Amino acid sequence: MQNKIMLALLPLLMLSLPATARETATDNYKTYCVQCHGIDGNGRGINIRDMSVQPRDHTDVKSMSARSDDTIFKVIKEGGPSIEKSILMPPWGDTLSDEEIHDMVQHLRTLCKCKFGS
Ligand code: HEC
């Protein structure tokens, strides 16, 4: 009986997976990014007073649409210097999986409401 209920629930569980992935990017952003990039992603996190290079405003359409998803992936995974930006942008490759970084790129696209080239 219980097995049947589990089987019936399985498709529902599978349907809810993408939603979970999106939530994870939001959570990861809150955990790892807001202290510099700000709660709203506007580049005004709590650390900025002491930073010589200011974090990117992720809501800024002009600068965010100038970057391809691949470049954004790379700078998150390998850090600022990998795209000739400041070392103050840390590499997250040891903290976030490739999948989580892909989700994060999509999350940043929702913050700027933009994509590469527009
Ligand atoms: C210790 C502060 C700090 C933290 C934490 C941080 N960043 Fe950054 N980030 C920066 C700074 C500073 C820059 C700007 C570097 C520059 O302009 O040279 C930057 C730049 C970026 C850029 C490049 C934007 C561009 O096109 O130039 C992306 C994308 C980015 N951060 C994403 C993230 C994500 C996602 C996280 C969390 C996983 C994160 N950052 C956490 C400081 C931080």
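These legends accompany several close-up views of a predicted model. Local features need pLDDT of at least 70 and side-chain atom pairs count only at pLDDT 80 or more, while totals for chains, interfaces and linings use all residues. Residues are numbered from 1 along each chain as its sequence is written.

**View A. The shell around the ligand.** The ligand is surrounded by 23 residues (C-beta atom, placed from the backbone, within 6 Å of the molecule). Cys33, Cys36, Lys85, Ser86 and Met89 are the closest. Two or more shell residues come from each of α2 (17-37) and α4 (69-78). Helices here are DSSP runs of H or I, at least four residues, numbered from the N terminus. The most is given by α2, with 5 residues. By class, the shell holds 14 nonpolar, 6 polar and 3 charged residues. Nonpolar covers Ala, Val, Leu, Ile, Met, Phe, Trp, Tyr, Cys and Pro; charged covers Asp, Glu, Lys and Arg; the others, Gly among them, count as polar.

**View B. The buried side of α4.** Ile72, Val75 and Ile76 are the buried residues of α4 (buried: 20 or more other C-beta atoms within 10 Å; exposed: 12 or fewer; partly exposed: in between; C-beta atoms placed from the backbone). They lie on the same side of α4, because they cover an arc of only 100° around the axis. The arc is that of the directions from the helix axis to the C-beta atoms. An α-helix has 3.6 residues a turn, so residues three or four places apart point the same way. The buried residues of α4 pack against α5. Just after α4, Gly79 has a positive phi of about 95°.

**View C. The largest nonpolar core.** This core has 10 residues: Ala25, Met64, Ile72, Val75, Ile76, Met89, Leu96, Ile101, Met104 and Leu108. Such a core is a set of buried Ala, Val, Leu, Ile, Met, Phe, Trp, Tyr and Cys residues joined through C-beta atoms within 7 Å. At least two core residues come from each of α4 and α5. Met89 is in contact with Val75, Gly79 and Gly80, leaving aside its neighbours within four places in sequence (contact: C-beta atoms, placed from the backbone, within 7 Å).

View D. Glu84 lies in the loop between α4 and α5 (98-112). Its phi is near 60°, a positive value in a residue other than glycine. Glu84 is exposed, with 7 other C-beta atoms within 10 Å. Lys113 lies in the segment after α5. Lys113 is not a glycine, yet its phi is positive, at about 50°. Lys113 also counts as exposed, with 10 C-beta neighbours inside 10 Å.

Terms used:
Contact = placed C-beta atoms within 7 Å.
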